[in-house]
Amino acid sequence: MIVLDSGGISKLSNRSLDSLALLKQLSTLNDVMLVPTSVLVECLYGNSPKDAPTFRFLQKCVLQEVLLLGTAQRAAELRRKSGHGSAVDAIVVALAEPGGTVLTGDQGDIEKLATHANKVYVAAI
């Protein structure tokens with residue numbers, strides 16, 4: 001599973017040659033691209049035409065609309081143990097457990113959280 005943070009979404013939705021090439025590579029993995037809806041707060045403009053590329057990209061993703069109590073508790077634990085990252089970053093890492101990859105534009109905080117996670121891999125984008 002691949003979990004995207006706001007930087008990952010912004011990069012992949014911009015339709016640059018780099019992002020299109022990366023999307024092509026990701027499609028060969030046959031892996032789910034998961035986006036927690038809490039991440040969208042950080043990358044949407046809010047009812048704006050500027051959001052159109054993001055919504056087009058999100059059609060390729062699975063949206064995680066509900067934050068389960070166990071995931072919230074795990075995200076809180078990761079933040080406490082790492083001493084870094086926003087609540088949204090911690091949710092992204094918690095959802096990637098176990099064995100998932102986080103595509104991020106914020107490698108520093110995500111890696112600090114992932115250090116305390118169960119086999120979460122971080123890829124800068």
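**Ground rules.** I'm working from a predicted model, so I kept to its cut-offs: local features need pLDDT of at least 70, side-chain atom pairs count only at pLDDT 80 or more, and totals for chains, interfaces and linings use all residues. Residues are numbered from 1 along each chain as its sequence is written, and side-chain values use heavy atoms, with hydrogens and water left out.

**Entry 1: β4 and its neighbours.** I began with β4 and β5 (residues 121-124), which run parallel and are joined by four bridges. Helices (H or I, at least four residues) and strands (E, at least two) are DSSP runs, numbered from the N terminus; two strands pair if DSSP finds at least two bridges between them. Threonine 101 sits opposite tyrosine 121 of β5, and threonine 104 has alanine 124 as its bridge partner in β5. Next I checked β1 (residues 2-4): three bridges tie it to β4 (residues 101-104), again in parallel. There, isoleucine 2 faces threonine 101 of β4.

**Entry 2: the whole sheet.** What is the order of the five strands in the open sheet? I read it as β3-β2-β1-β4-β5, with parallel pairing. β3 (62-64) and β5 are the edge strands, each pairing on one side only. From one strand to the next the twist averages 30 degrees; angles run from 0 to 180 degrees between N-to-C directions, and axes are lines fitted to C-alpha atoms, for helices over the stretch in contact.

α7 packs on this sheet and touches β4 and β5, its direction making about 175 degrees with that of β5. Contact here means heavy atoms within 4.5 Å. I also traced β4, α7 (residues 107-114) and β5 as a right-handed β-α-β unit (strands pointing away from the viewer, the path from the first strand over the helix to the second runs clockwise).

**Entry 3: α6 against α7.** I found α6 (residues 87-96) packing with α7 at about 50 degrees, axes 10 Å apart. That angle makes α6 oblique to α7 (under 35 degrees is roughly parallel, over 145 roughly antiparallel, 65 to 115 roughly perpendicular, the rest oblique). Asp89, Ala90 and Val93 of α6 meet Asp109, Ile110, Leu113 and Ala114 of α7. I sorted this contact into five nonpolar, no polar and two charged residues (Ala, Val, Leu, Ile, Met, Phe, Trp, Tyr, Cys and Pro count as nonpolar, Asp, Glu, Lys and Arg as charged, and the others, Gly among them, as polar).

**Entry 4: α5 against α6.** α5 (residues 69-82) packs with α6 at about 115 degrees, with 8 Å between the axes. The two helices, α5 and α6, are therefore roughly perpendicular. From α5 I listed Thr71, Arg74, Ala75, Leu78 and Arg79, and from α6 Ala87, Ala90, Ile91, Val93, Ala94 and Leu95. The α5 contact with α6 has eight nonpolar, one polar and two charged residues.
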